[in-house]
Amino acid sequence: MIRTTVSLILTACLSFSVWADTPDSVLNTLQVPTGADVQIVTSHSLHNGMPMAIAQLRSTESADSVFGFYRQLWTDPQGDGKGDGKGDGGSDGSPGFVESVLPEWQMISRVHNGYNIVIQLMVESGQSASGFISVMAIDAPLAARDHGEFSDLQLLSKHQSVDGADTSLMRVYASSSSVSQTHRIYLEKLMSKGWQLLSDNELDGSYVMVLSRGQSRLEVSIVPSRDYGSLVVVHKVTSK
């Protein structure tokens, strides 16, 4: 299993716009559910050169209750998610939120007004929950490319973690093509490189593909973007 570090919560679907506030001010105004206690871990740090703030979250309610709070907050397209109780999902054409489940963590994230907001809680039984909230400002992409199946895309963010025999690599790319075009191009390209398609799903204009090859598993999410044709989030786990 992959042990996810705090920095992994920062790699999710990204979009780019002008900073309206600062990460710590966004964190301080973010709504939290009743029974939650938030303690700042760091107000000023960098990930891939981007400013971010991180806080520890403890709740007397269960993780399901906490995630239910943010699903509701980020689903309604009428609000801004910063105190009016309405949410901020979908007004820019992107998903209101993205959810991920890893062996040790469950996450829900939202990109809004140039900030990537992530709630990450430990996967555990019981009536309480603990984890982290992170807010990262998104400004300009990394001036970098990498090797492999996605080397012709613009690399925006990357993170790697190792746990025993397992290596997890998560990267976010910008594509100049539309979501459907990018999906078609990389489905064909990955299968031509020996990847076996396990599932391929479309939902609300986004695609999620799961593939395998040898000891590696690849999850590819392709989502709309205001600033690019589309964004490609790639999560690769390899076991030795």
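Predicted model: local features only at pLDDT ≥ 70, side-chain atom pairs only at ≥ 80, totals over all residues.
Mentor: Strands are DSSP runs of E with at least two residues, numbered from the N terminus. Helices are runs of H or I with at least four.

Trainee: In which strand is Met107 found?
Mentor: Go by residue number. The run covers residues 105-112, and Met107 belongs to it. The strand is β4.

Trainee: Is Met107 buried or exposed?
Mentor: The cut-off for buried is under 20% relative accessible area. Met107 has 8% relative accessibility, so Met107 counts as buried.

Trainee: What distance separates the C-alpha atoms of Met107 and Phe67?
Mentor: Start with the sequence. Met107 and Phe67 are 40 residues apart along the chain. Between their C-alpha atoms, the separation is 8.4 Å.

Trainee: How many aromatic pairs does the ring rule give, and is the pair of Trp105 and Phe132 stacked, edge-to-face or tilted?
Mentor: The count comes to five aromatic pairs. For Trp105 and Phe132, the ring centres are 6.1 Å apart. Stacked needs planes under 30 degrees apart, and edge-to-face needs over 60. The planes here stand at 45°, so the pair is tilted.

Trainee: How many residues apart are Trp105 and Phe132, which link distant parts of the chain?
Mentor: Trp105 lies in strand β4, and Phe132 lies in strand β6, residues 129-137. Both are buried. The pair links distant parts of the chain, with a separation of 27 residues.

Trainee: What is the angle between the planes of Phe150 and Tyr186?
Mentor: Phe150 lies in the loop between β6 and β7, and Tyr186 lies in helix α3, so the pair ties together parts 36 residues apart in sequence. Phe150 and Tyr186 are both buried. The rings are 5.2 Å centre to centre. They count as stacked, with an angle between the planes of 15°.

Trainee: Which residues do ring pairs link into a cluster?
Mentor: Look for rings joined pair by pair. Ring pairs link this cluster: Phe69, Tyr70 and Trp74.

Trainee: On to charges. How many salt bridges does a search of the whole structure find?
Mentor: Side chains of opposite charge can pair when their charged atoms come close. The cut-off is 4 Å from a Lys or Arg side-chain nitrogen to an Asp or Glu carboxyl oxygen. On that rule, the number of salt bridges in the whole structure is four.

Trainee: Arg71 and Glu99 meet in a salt bridge. How many residues apart in sequence are the parts that this pair ties together?
Mentor: The N to O distance is 2.9 Å. Arg71 lies in helix α2, residues 63-73. Glu99 lies in strand β3, residues 98-101. So the pair ties together parts whose separation in sequence is 28 residues.

Trainee: What is the relative accessible area of Glu99?
Mentor: Arg71 counts as partly exposed, at 28% relative accessibility. Glu99 is partly exposed too, and its relative accessible area is 34%.

Trainee: Arg213 forms a salt bridge with Glu149. How many residues apart in sequence are the parts that the pair ties together?
Mentor: The closest N and O atoms are 3.3 Å apart. Arg213 lies in strand β10, and Glu149 lies in the loop between β6 and β7. So the separation in sequence of the parts tied together is 64 residues.

Trainee: Is Glu149 buried or exposed?
Mentor: Arg213 counts as partly exposed, at 31% relative accessibility. Glu149 has a relative accessible area of 15%, and that makes it buried.

Trainee: Which residue forms a salt bridge with Lys189?
Mentor: The closest N and O atoms of this pair are 3.7 Å apart. Lys189 lies in helix α3, and the partner lies in the loop between β6 and β7. The partner is Asp152.

Trainee: Where is Asp204 placed?
Mentor: Phi of Asp204 is near 55°, a positive value in a residue other than glycine. At 70% relative accessibility, Asp204 counts as exposed. Its place is the loop between β9 and β10.

How values were computed:
Residues numbered from 1 in each chain as written. Heavy atoms only, no water. Buried < 20%, exposed > 50% of the residue type's maximum accessible area, 1.4 Å probe, protein only. Phe/Tyr/Trp six-rings, centres within 6.5 Å; stacked < 30°, edge-to-face > 60°.
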